[in-house]
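Dear colleague,

Please find below the structure that I am handing over to you. My findings follow directly after it.

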Amino acid sequence: MTTTSNHYVTVLWEARAKPGKETAMKAFMTAAVTASRHDAGNIDYEAHQVEGEPGTFVIFERWESREALEGHLQAPRMKDLVPQLLDLMDGGIEDGIRFLQPFRPAR
């Protein structure tokens, strides 16, 4: 995991629903987003559905630090949410995680 020079951690997570579970996964993610936004150290937590790909979802997350992200991942509610999510999604949670590192071109 990369922490930027300003110590923010940015995560892009993509997941696909199992066939027939697209609506249920969207509802699940909709309900889960609000609690994550209130986790300590959260800056952004936005859920998206990929246009033209029903059942494909992307979450963009930004955290103040690695510790804040770890706190989110270890939140007590995650013990209940993770098995529910795995029942709805195709593949594993880690399969769609990408850590982003910003850069700017030289002027």
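The model is a predicted one. I begin with the hairpin that S2 and S3 form, which has 6 residues between the two strands. Within its turn, Gly52 adopts a positive phi of about 80°. The pairing of strand S2 (residues 42–49) with S3 is antiparallel and extends over 7 bridges. In this pairing, His48 is found opposite Val58 of S3.

Strand S3 also pairs with S1: these two strands run antiparallel and are joined by 8 bridges. Here Leu12 lies opposite Phe60 of S3.

I turn next to helix H3. Which residues of helix H3 (residues 78–88) are buried? They are Met78, Leu85 and Leu88. When one looks down the axis of H3, these buried residues fall within an arc of 85°, and they therefore line one face of the helix. Lys79 and Asp80, on the other side of H3, are exposed.

The cover over the buried residues of H3 comes from several elements. Among them are two helices, H1 (22–37) and H2 (66–73). Strands S1 (9–17) and S4 (89–90) are also included in this cover.

With kind regards

How values were computed
Residues are numbered from 1 along each chain as its sequence is written. This is a predicted model: local features need pLDDT of at least 70, side-chain atom pairs count only at pLDDT 80 or more; totals for chains, interfaces and linings use all residues. Side-chain values use heavy atoms; hydrogens and water are left out. Buried means under 20% relative accessible area, exposed over 50%, partly exposed in between (1.4 Å probe, protein chains only). Helices (H or I, at least four residues) and strands (E, at least two) are DSSP runs, numbered from the N terminus. The arc is that of the directions from the helix axis to the C-beta atoms. Contact means heavy atoms within 4.5 Å. Two strands pair if DSSP finds at least two bridges between them.
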